[in-house]
Amino acid sequence: MMEITLNHYLGVSGALFMIGLAGVILRRDILIIYMSLEMMLNAANLSLVAFSKYQNFMDAQIMVFFVITVAAAEVAVGLALIVALYRVKGTTRVQDLTTLKL
Amino acid sequence: MEAILFWIFSLGMIVAGIGVVLSRNPVASALSLAVSIVFLALMYGFCLNAWFLMVIQVAVYAGAVMVLFLFIIMLLDIKEEEKRTRGRFYSLMGSALALFLMAQFIAVLLSTEPVKAAVTAGGPVNDDAHVIGTLLFTKYLLPFEITSILLLVAAVGVVLLSLKRESSS
């Protein structure tokens, strides 16, 4: 078993990010797109924590802490927006949500 | 030991992540995302020694965020996507774009020197909660306080957004 280096963690982080990107491109339900965005945020967090370990730099973990906090607030606001959108339009599929004006 | 755990966690994380994208049922997608997040949290703890972030990740993401997602899915009663409305060409190009970026990323990683762990510099941090707490309340006190305002704004915003406006005119 080879030694795990920083590059392995960055590879996994990149894979997770690209899966999230593929989800954003391929899926049509706005909730699934939102989940994929969360996955991309998590991938960025993983690379930050990996850098924090390999550079012995704890400040990166503080940044991850803030990212998680902001992501939680963002999820609450975003889901409220989706619910408000659903009330008006009656759907969450992106191809039916083509206008900015409600 | 760390290597075995790393491969187990990363494999589980990526398989669950692919499950999020591929499963037709939104509830299955949300549960796959929860599994992926839990694997990520385990990787934080057991591979990267970030135990505090592991707890935070499980509590905030797998706890709060995923419950919120599932709640909204149940509330809106979203059906499974009945048929493919995206064309085959579109899906092909989307996957190709992601795969191309991934290949480029891996090529960059392979062409650089692998970074080994900084073994001796300060030794392994075992009391990371202590270090994070100290940093958070000294060096990063102002961002911490601003975060509390952000959370307040988010709470007020959510209440405003989800209010039914009565007889608007």
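A helix here is a DSSP run of type H or I with at least four residues, and helices are numbered from the N terminus. By that rule, Ala72(A) lies in helix 3 of chain A. The model is predicted, and everything below is computed from it.

**Stop 1: chain B as a whole**

Select chain B. Its secondary structure amounts to six helices and zero strands, so the pattern along the sequence reads α-α-α-α-α-α. Of its 169 residues, 24% are buried. Take the contacts in chain B between residues at least 6 apart in sequence: 57% of these join residues at least 24 apart.

**Stop 2: where the chains meet**

Now show both chains. In chain A, 62 residues are in contact with 71 residues of chain B. On the chain A side, the elements giving two or more residues are helix 1 (6–26), helix 2 (30–54) and helix 3 (59–89). Helix 3 of chain A gives the most, with 21 residues. Colour this side of chain A by class and you get 41 nonpolar, 14 polar and seven charged residues.

**Stop 3**

Select helix 1 of chain A and helix 1 of chain B. Their axes come within 9 Å and cross at roughly 5 degrees. Angles under 35 degrees count as roughly parallel, and therefore these two helices are roughly parallel to each other. Residues to display from helix 1 of chain A include Leu16(A), Ile19(A) and Gly23(A); those they and their neighbours meet in helix 1 of chain B include Met13(B), Ile14(B) and Gly17(B). By class, this contact has 12 nonpolar, four polar and no charged residues.

**Stop 4: helix 3 of chain A**

Select helix 3 of chain A. How far apart are its end C-alpha atoms? They are 44 Å apart; at 1.5 Å a residue the 31 residues should span 45 Å, which agrees. Buried residues in this helix include Ile62(A), Phe65(A), Val75(A) and Leu79(A). The buried residues of the helix pack against helix 2 of chain A, and also against helix 3 (51–76), helix 5 and helix 6 (141–162) of chain B. After the helix comes Gly90(A), with a positive phi near 75 degrees.

Go back to Ala72(A). Is this residue buried or partly exposed? Ala72(A) counts as partly exposed because it has 19 C-beta neighbours inside 10 Å, and a buried residue needs 20 or more. Leaving out residues up to four places away in sequence, Ala72(A) touches Val60(B), Ala64(B) and Val65(B).

**Stop 5: the largest nonpolar core**

The largest nonpolar core has 58 residues, and those touching the most other members are Leu16(A), Met35(A), Val49(A) and Tyr44(B). Helices 1, 2 and 3 of chain A and helix 1 (2–22), helix 2 (26–46) and helix 3 of chain B each supply at least two residues of this core. Select Tyr44(B): beyond four places in sequence, Tyr44(B) touches Val49(A), Ala50(B), Leu53(B), Met54(B) and Gln57(B).

**Stop 6: Leu135(B)**

Finish at Leu135(B), in helix 5 (residues 128–137) of chain B. Leu135(B) is partly exposed, with 17 other C-beta atoms within 10 Å. Setting aside neighbours within four places in sequence, Leu135(B) is in contact with Met58(A), Asp59(A), Ile62(A) and Tyr140(B).

Note on methods
Residues numbered from 1 in each chain as written. Chains lettered and ligands numbered in written order. Predicted model: local features only at pLDDT ≥ 70, side-chain atom pairs only at ≥ 80, totals over all residues. Buried ≥ 20, exposed ≤ 12 C-beta atoms within 10 Å, placed from the backbone. Contact = placed C-beta atoms within 7 Å. Nonpolar A, V, L, I, M, F, W, Y, C, P; charged D, E, K, R; others polar. Expected span 1.5 Å × (residues − 1). Core = buried A, V, L, I, M, F, W, Y, C linked by C-beta atoms within 7 Å. Axes fitted to C-alpha atoms, helices over the stretch in contact; angles between N-to-C directions. Parallel < 35°, antiparallel > 145°, perpendicular 65-115°, else oblique.
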